[in-house]
Amino acid sequence: MKRDSSRVALTGNEAGALAMKQVRPDVVAGYPITPQTELMQQFAKYVADGDVATDLVLVESEHSAMSAVIGASATGVRAMTATSANGLALMWEMLYIAAGYRLPISTMLVSRSLGGPINIHCDHSDAMGMRDTGWIMLFAETAQEAYDNGIMATRIAEHDSVRTPVMTVQDGFITSHTTQVLSVLTDDQVTRFVGVYRPERSLSNFEQPMTYGSIVLPDYYMDIKRQQADAMVNAPRFIDQVSEEYAELSGRRYDPIELYRMDDAQVALVVLGSAAGTAKDAIDIMRERGVAVGLLKVRMFRPFPHVEVAEALSRTRAICVMDRSLAMGAPMGALAQDVATSLVTGRRVPPMYNAVYGLGGRDITIEDFQGVIEEAAEVAVTGAPKAAVRYVGLRGNEE
Amino acid sequence: MALKLRELTQTPELIACGHRACAGCLGVNAVRQVLHAVDRPVVTTSATGCLEVTTTIYPYTAWETPFIHSAFENVAATASGIEAALKVLGDEGSIPKKAKTIAFAGDGGTYDIGLQALSGALERGHDFLYVCYNNEAYMNTGIQRSGATPYGASTTTSPAGRASLGKTQRPKNLTDIVVAHNIPYVAQASPHNWRDLATKVKKAMDKEGPAFINILAPCHRGWRYPMEEGISISKMAVDTCVWPLFEVDEGEWKLSYNPRKKPAVADWLKRQRRFEHLFKSDDPAPLETIQQAVDADWLRLLGRCGEAPKADGNATAA
């Protein structure tokens, strides 16, 4: 049998680095942080070997990484970076600014808890901290998706009707440090797909000098923010175009949400990221036992696909939304809040509750998911969740 | 040959009139002088502060160069990204190769919150000019003390009071910190000496790699002197050796100006009401401390530059 060179075994970080190399950014800013470090190391090796002609700026902090990328992007070149956890938190100020200036920066987030106490393992508290910053956010379940999102992000961000930065998210260690088999495109295929980014308006247009980052007072500020919000609302249409083109190229089609065995589901789980794979296995087992359970995986977290989510969940009898982070003091976690809001704007609001799992890298197993499904199935009968928020996988009993 | 004023008047005005800086602002004056000495396409960037606030009120801009402001602590990092992008575009031939980046920030954005980004950018060796317009406090937020505020100055967060003489710490020597990065060019300048300032900017722009110029920018609101006296205040800062003019060109220290007559520092302090409490007090110690510190710094600088003082001895507190 002929060996298929497009099938490769890579860690999530290596898949991210490969995507970064293949979109050929002009400028990349890099700063190490676990678990993202390996991604930038691999990219630095590509640069060192001459495989990509990127100007790699190895900055002294993540705040400077995002600042440098903002400077480069505004100067009219393709600019990227990658980070995790506290690194993203340090960038936070600049995330709003990148989005507010409508700079088409794509960034790779290898998700990790934010502490304290310090913990280097996966959860989504870093990603959730940026959910209102104005970035498009795409979550990956696998290294394959991390790779594909990494390539599509460039096209989405640079789309003239979008012009909004994109964060692609993969789960720290669970995805970033495990080797998976994935299909990759050739450098040439990606080069043709993403094209060259040389915008007409930029800081390098010396004939028409432009000012970026004016101070905008109450007379104009709100209108500018409204335009930005509209761009986000309108983005899905263009994201879909990019997905369609990417499907033609790669054979892999991505929608804002992925539904698994949802057609006749009475019970629905909603998850983000790598846990979707484990959930699917658990669903297969529970289906064999006669539980009509399905999964809604949110792939595009921002803009949140509320219409699709409401539509997919409206016929169920119990929904368990699973959050890998805490929204301290809020009635439910971040994903659950968005699902609840989606349901309210939809046709019907089935019983819904929140399950928090996997904080700081706490493992979630197939058995854990089976337990979650069993409890959700009870809620489908009683119509009344035991509590608004449940915790999965705590030491000892929850009660 | 010495630079002629006529040459500078024939260069385009890159900061348009109509900006909203205070009358008598020497920060914007310094920026204007810097840009008059520039003879190539430049992208300019500034930290948050008076400069950005007064020159970019939407929908207007005073900048005739491409300009970006993003945040307070990061102008050197922003400049790093701009420089990297200009290099890419210059190498591919889509813009002139000699296009360059100039970063502007006040002392708050340089000595304090922006120091890390500045240090990083200098260490990485980006080909850009960083100009600090040093007005010795956070003027944009209303005259709060900074790492550049002199000993004894009263600010809104280090007010002179019954139990305090104002700021009780000496300013950090930021220019020395920059010199320690071993970059091609470092200088101090003052807006009263346009020829020296413009010559330094030209030298800095011709270097390949980072260059840094620290320009004293008296602020009449914060220093509390009559608004028309800024140039004379800056000249006296240089004559008293409070703000010596020098350059470190490829590691060579060179004095730019050695005053023949050196007024007492107290005479300079007396003109600024931020120091007025020092003269109402019976205690001469603070004024002596200030004079001694200036004298010691001056002697150390002369030593580094291989020069002897021209003025007879050191002035003493009045």
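Modeller: The contact between the chains draws on 39 residues from chain A and 39 residues from chain B. Keep in mind that this is a predicted model. On the side of chain A that touches chain B, the elements giving two or more residues are β2 (27-30), β3 (55-58), α3 (62-74), α4 (85-100) and β9 (211-212) of chain A. Of these, α3(A) supplies the largest share, 9 residues. Sorted by class, this side of chain A has 22 nonpolar, 12 polar and 5 charged residues.

Now to β9(A). This strand pairs with strand β2 (residues 67-69) of chain B. The pairing is parallel and runs over 2 bridges. Thr211(A) has Phe67(B), in β2(B), as its bridge partner.

Next, chain A itself. Its domain assignment gives domain 1 (7-250) and domain 2 (257-391). The C-alpha centres of these two domains of chain A lie 28 Å apart. Their contact takes 27 residues from domain 1 of chain A and 21 residues from domain 2 of chain A. On the domain 1 side, two or more residues come from each of α5 (125-129), β6 (136-139), β7 (166-171) and α8 (221-250) of chain A. Here α8(A) gives the most, with 5 residues. By class, that side of domain 1 has 16 nonpolar, 7 polar and 4 charged residues.

How values were computed:
Residues are numbered from 1 along each chain as its sequence is written. Chains are lettered from A and ligands numbered from 1 in the order in which they are written. This is a predicted model: local features need pLDDT of at least 70, side-chain atom pairs count only at pLDDT 80 or more; totals for chains, interfaces and linings use all residues. Two residues are in contact if their C-beta atoms, placed from the backbone, lie within 7 Å. Helices (H or I, at least four residues) and strands (E, at least two) are DSSP runs, numbered from the N terminus. Ala, Val, Leu, Ile, Met, Phe, Trp, Tyr, Cys and Pro count as nonpolar, Asp, Glu, Lys and Arg as charged, and the others, Gly among them, as polar. Two strands pair if DSSP finds at least two bridges between them. Domain bounds come from an automatic or database domain assignment.
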